[in-house]
Amino acid sequence: MYVCLCVGATNQTVSDAVAQGASTSKEVAAACGAGADCGRCRRTLRAIIAASCKLEPAS
């Protein structure tokens with residue numbers, strides 16, 4: 001599913017950026033461009049980041 005239409009970023013693209021260490025919407029924007037233009041997708045980016053944090057095992 002497309003998350004950011006401005007750059008054509010999918011949820012997999014964003015998930016990959018989060019897996020590589022992006023933990024804020026600004027870091028995701030720097031990694032793959034999603035959220036860097038109009039910003040309408042930032043809420044979705046934050047939801048993907050939050051979901052990723054819940055899936056990580058506690059250390």
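Guide: In helix 1, Thr13, Val14, Ala17 and Val18 meet Val28, Ala31 and Cys32 of helix 2. Meeting here is contact, meaning heavy atoms within 4.5 Å. Helices (H or I, at least four residues) and strands (E, at least two) are DSSP runs numbered from the N terminus.

Visitor: What is that contact of helix 1 with helix 2 by class?
Guide: The contact has 6 nonpolar, 1 polar and no charged residues. Ala, Val, Leu, Ile, Met, Phe, Trp, Tyr, Cys and Pro count as nonpolar, Asp, Glu, Lys and Arg as charged, and the others, Gly among them, as polar.

Visitor: Where do these numbers come from?
Guide: This is a predicted model, where local features need pLDDT of at least 70 and side-chain atom pairs count only at pLDDT 80 or more, while totals for chains, interfaces and linings use all residues. Residues are numbered from 1 along each chain as its sequence is written, and side-chain values use heavy atoms, with hydrogens and water left out.

Visitor: At what angle do helix 1 and helix 2 cross?
Guide: Their axes cross at roughly 110 degrees and come within 9 Å. Axes are lines fitted to C-alpha atoms, for helices over the stretch in contact, and angles run from 0 to 180 degrees between N-to-C directions. Helix 1 and helix 2 are therefore roughly perpendicular to each other; angles under 35 degrees count as roughly parallel, over 145 as roughly antiparallel, 65 to 115 as roughly perpendicular and the rest as oblique.

Visitor: And how do helix 1 and helix 3 pack?
Guide: Helix 1 (residues 11-19) and helix 3 (residues 42-55) pack at about 55 degrees, with axes 10 Å apart. That pair is therefore oblique.

Visitor: Which residues of helix 1 and helix 3 meet?
Guide: Asn11, Val14, Ser15 and Val18 on helix 1 meet Leu45, Ile48, Ile49 and Ser52 on helix 3. By class, this contact has 5 nonpolar, 3 polar and no charged residues.

Visitor: New topic. Is Ser25 buried or exposed?
Guide: Ser25 is buried, with a relative accessible area of 14%. Buried means under 20%, exposed over 50%, and partly exposed in between (1.4 Å probe, protein chains only). Ser25 sits in helix 2 (residues 25-32).

Visitor: What does Ser25 contact?
Guide: Leaving aside neighbours within four places in sequence, Ser25 is in contact with Ala34, Arg42, Leu45, Arg46 and Ile49.
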